[in-house]
Amino acid sequence: MIFIPIGLAGIAVILFFVGRSQNKKAYDMKSVQTSTAAALAQSAADVSKEIGSGSFNQQAEVKGVAECGSPLKSEMNGSECVWYRSTVTREYEESYTERDSEGHTKTGTRRGSETVSSNERSVPFQLRDESGVITVDPSGANIEGERLVSQFEQGDRGPSLSLGSFRLNLGAIGGGRRTIGYKLEEWAITLGKRLYVLGEARDDENRLRIGKPSKKGERFIISVKSEEELTKSAESGAKILGIIAIVLGVGAVVSLVVLLFF
């Protein structure tokens, strides 16, 4: 029984630190002022004149619409985009047998799920604001796109599953479990979508771009949500996690007292 208060305390500590991380995320976004593409280009040019090209780098926040001369096509929806992620999740039923601490055997059926396909692709793109354009290299970013596909295919689909240009061979999928169906999902950043970008602006390789920060701990975010939506979500999540952590912490103390004195 001592594992109950230990478990509650452990979960409370984990939630506390996750909540702190969410608060830090909101602070990081609020602490960086929004720049324009032209202002960043001017700052990079000024630094280049002073100490040479390739010397400019700073944490930057920009907002604008996505443009790309050679966009991708999302494999399920077929939309022109600069980033997409597609997944296929198999939902199934399986029979099980369990033996409890008294040696009694219990059999039944339970549901589960497994990811059978996941694909993510991105290309560098231009972000256009009212002042001009700046290149964004999304490699290594925490990306949040819009959902383009959310579709459930009921039952066993036979040898393959397809949607748009997407094809998945199902021949090796099974493992003695009865397939209920497959959930197909796709997220993307389509051309013309307004974005919030927080990353590091630098002029390496004789070009100005925003990419993954070189300094550990700095954030790289690309999102279809606004800065206000992102900060509100992070702050709300931190608050909720903090409350749950306190409740679990109190529960851990109470259960320990009960174990020790009653």
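Start with I222: leaving aside neighbours within four places in sequence, I222 is in contact (heavy atoms within 4.5 Å) with F125, V136, P138, A141, N142, I143, E144, I189, L195, Y196 and V197. In the largest nonpolar core, which has 30 residues, I222 is one of those that touch the most other members, along with L40, F125 and I210. Several elements give two or more residues to this core: α2 (37-51), β1, β3, β5 (125-129), β6 (132-136), β11 and β12. The largest share, four residues, is from β3. A separate second core has ten residues, including L161, F166, L168 and L170. A nonpolar core here is a set of buried Ala, Val, Leu, Ile, Met, Phe, Trp, Tyr and Cys residues joined through side-chain atoms within 4.5 Å. Buried means under 20% relative accessible area, exposed over 50%, and partly exposed in between (1.4 Å probe, protein chains only).

A word on what you're looking at: this is a predicted model, where local features need pLDDT of at least 70, side-chain atom pairs count only at pLDDT 80 or more, and totals for chains, interfaces and linings use all residues. Residues are numbered from 1 along each chain as its sequence is written, and side-chain values use heavy atoms, with hydrogens and water left out. The chain has a mean pLDDT (the predictor's confidence in each residue, from 0 to 100) of 90, and 97% of its residues reach 70 or more. Among the elements, β14 has the highest mean, 98, while strand β9 (residues 160-163) has the lowest, 84. Helices (H or I, at least four residues) and strands (E, at least two) are DSSP runs, numbered from the N terminus.

Now follow β3 (residues 80-99) through its pairings; two strands pair if DSSP finds at least two bridges between them. With β2 (residues 72-73), β3 pairs in the antiparallel sense over two bridges, and L72 stands opposite C81. Six residues separate β2 and β3 in their hairpin, where G78 in the turn has a positive phi of about 80°. The antiparallel pairing of β3 with β4 runs to 17 bridges, with G108 as the bridge partner of Y96. That hairpin has five residues between its strands, and G103 takes a positive phi near 90°. Strand β11 (residues 178-190) is antiparallel to β3 too, over twelve bridges, with T87 opposite E185.

Over in β4 (residues 105-122) you'll find S117. At 15% relative accessibility, S117 counts as buried, and beyond four places in sequence it touches S86, T87, V88, F166 and L168.

What about charged pairs? The whole structure has 20 salt bridges, each a side-chain nitrogen of Lys or Arg within 4 Å of a carboxyl oxygen of Asp or Glu. E114 and R90 form one, with their closest N and O atoms 2.7 Å apart. E114 is in β4 and R90 in β3, 24 residues apart. R90 is buried, at 0% relative accessible area, whereas E114 is partly exposed at 28%. E93 and R178 also meet in a salt bridge, at 2.7 Å from N to O. E93 lies in β3 and R178 in β11, so this pair ties together parts 85 residues apart in sequence. Shared partners join R90, E94, E98, R110, E114 and R177 into one salt-bridge network.
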